[in-house]
Amino acid sequence: AESHVWLLCWGLCGLVALPGTSPKLYAAKSDEGRLPDDRCSAIQMPSIQSVECPPPVSCTPASLTSQYRWRFDFAGDVRCSARCNQIGSLSVPARCVDAKTGQVADQTQRCESREARPELGLPCYQFEGCVGPVWKAGPWGPCSRPCGLGEMERPVECYQLVDSPEGPSYHLRQGQCSHLDEKPHLREYCLMEPRCPPYYRVSPGKCRPHFSAPGSSSEQRLCNETGLTRNSPQCVQLTGDLRTRSNTTVRVSSSNCRSLPRPPPFSKCQVDVETLRQYRIKCINASAAAKEPQFQLAASSILVQMERRESLQVKCGQSATVIPGTRVRLHCPVANFKPAKLGWQRLSGRRDAVRNFTAVKSFTQCRSRICQIDGDLIITRFRPKDSGVYQVSASNVNTTLSLHSHSAYEAYVQAYLPRMMLLMQPNSNSASGRPQAQLDSPNRDALLWMTGPWTSCSVPCGGEGQKTRTVHCEQLRSSSYSVVPDDSCLKLLGDKPPMSERCGSHVCPVWRAGPWDSECSTERCYSTGFSLLTRRVQCINQANDTLLDAQCGHEPKPESVHRCRNDLCQPEWRTGPWSKCSVSCGAYGFSSRQIRCVWRQNGGPAGIACENLELPKGYQACYNGPCERLGCEDLSPVCRIYQASALCAHPSLRRNCCKTCGEYQLHVYRSLQSTHLVSGSRTAA
């Protein structure tokens, strides 16, 4: 029996730090292992205690242990090594304790002398210390538009934070953040430049099959062939507004689009079968139209004459601007058709008249200013009234071109000078260091990047803004230029000049206001009881240099004048001396004087401040007495009649009735003097 002992065997700890299991007792023999329990019935069973998390299975003879042994302390500082929502390791410390009392020994050597310190590492899953999950938004991307209202995007992902919002994190699925209240915006409006450069907006009209008129004779056309529609170009400008979150396109003055190539008056469109039926046009398939005439359109859509030359050739598909007096040849190469059988007509002009032209065999047979020779339409001397749309027909196939007019001065100033100056400075405004304009030696032509004017900066100063401009490729000839695709300039000149540029990074000038006047002076009276205080307000830069007020227009200007109370500012009517009488003698006249509204203290003009005061008289009657004449007698017996009728004011009657009229004037003067209406320098006795 003495060789039999109780073995104390611990259960296995779970994967998670949950309440522990109780130990199990097995009957065992120290050298034979486990025995039936009744073999140890004579030996006292050790006490059984529960622990939080028992160690892995190990059996230790209870009677063979010393007083001191190692015990795992689950009540101490036991932490999982994993972070939030991860599997880690749970390290349980081993302490040397007294087996009888359970107290921790003061020296670990008591246990180390018999057995090394055991180590216990258990798997664990960390539930605590998690912050989140949360939505994390990345940086905003670039704005979708260089001008006007655009949109910018950013990534928004679901993340699990660890320890703190500023600490490490790891990515989760989007659905794991679906319970959160609000997801950050993926898109946001942006406004780099409020106003875009002006441009031509084309409003197409109704699509017509080559401008055939309703009710015309039946024709045959391809069912899928394109027609023409009249364009109505308008100069417009797009403006973005963050408050309304919208872009608005407004019409502006056509002068803002003067530097831009004007769109052609007509453009191609797809005509539906119903429209063809309205114009009595029969559809044919492509195989039947394989041998139909085909026009070769010009590669460039815009042609502008820059200086006066004898002749100019315009091809189909072009919109040409011509100087009056030039001989213009309208040329349309055609395949599968004889050029001499082409038919020309003008569809629209100043009066929207349709005009047909008769073909002749030679120029000597031409009896008018416009003739058709060998399939080309020749205008011997172009006039502004020749502007319009011209259509050429080959059987049932039509195409058009348009002519416009501008003066030689407009062509020189607006077209010739800017391009010649650019050719003289080929490296100006080049984005890549390569020339912006270059001559093509074999043809003496030139290719250039033509740039429009910069718009105003979206942020004039104090921050980073943007300005934009138009850029297109042009081909210059000896007397004209045409707008060609950008590929032509990219091959020879390289990169396209930038269409946008940063601006506004310099420091903004500021307003500097001086001190107010020390007193409210009567020298600056401006209304009854009020005067003005003034101070000096200047626009200055960082170097304290005085600038124009317009350069500080980004901020409102401070007050430079302020009113103040001054009871001495009282207005009054001030009169001048009376003028001389308008009649020197022998009759009554009028005299006048100047009346001014002034401030009583300084005599300065007071404007309308006297409007409520009584206005003094400015005119009065006057009489300087009869004229002193020797031998003044009446020459007619009827003078008394003239006196009675008061006709003495007439010079001839006054000469014939000198005495009578003198007495009459004296009578009238005395009557007026008695009513205080006159003041005279003399009185008659």
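I started with Glu572 and Arg600, whose side chains meet in a salt bridge at 3.6 Å, N to O (salt bridge: a side-chain nitrogen of Lys or Arg within 4 Å of a carboxyl oxygen of Asp or Glu). Glu572 sits in strand 44 (residues 571-575) and Arg600 in the loop between strand 46 (595-599) and strand 47 (619-623), so the pair ties together parts 28 residues apart in sequence. Shared partners join Glu572, Arg574 and Arg600 into one network of salt bridges. I noted Arg600 as partly exposed, at 47% relative accessible area.

Housekeeping, before I go on. This is a predicted model, where local features need pLDDT of at least 70, side-chain atom pairs count only at pLDDT 80 or more, and totals for chains, interfaces and linings use all residues. Residues are numbered from 1 along each chain as its sequence is written, and side-chain values use heavy atoms, with hydrogens and water left out. Strands (E, at least two residues) and helices (H or I, at least four) are DSSP runs, numbered from the N terminus. Buried is under 20% relative accessible area, exposed over 50%, partly exposed in between (1.4 Å probe, protein chains only).

Next I looked up the salt bridge total, which is 13 for the structure. Arg329 pairs with Asp376, closest N and O atoms 3.0 Å apart. Arg329 is in strand 24 (residues 327-331) and Asp376 in strand 30 (residues 376-379), so this pair ties together parts 47 residues apart in sequence. Arg329 is partly exposed at 34%, whereas Asp376 is buried at 9%.

I then checked Asp386 with Arg369, a salt bridge with its closest N and O atoms 2.5 Å apart. Both residues are buried.

Ser591 got its own entry. I found Ser591 in strand 45 (residues 588-592), buried at 4% relative accessibility.

Last, I went to the second largest pocket, which holds about 990 Å³ of space. On a 1 Å grid over the protein atoms alone, a pocket is an open set of points where a 1.4 Å probe fits, with protein on both sides within 12 Å along at least five of seven lines; lining residues have an atom within 4 Å of a point. The volume is the space filled by probe spheres set on the points, which are joined across faces, edges and corners. Of the 40 lining residues, Cys257, Arg258, Ser259, Leu260 and Gln414 are the closest to the centre. Helix 3 gives the largest share of the lining, 8 residues.
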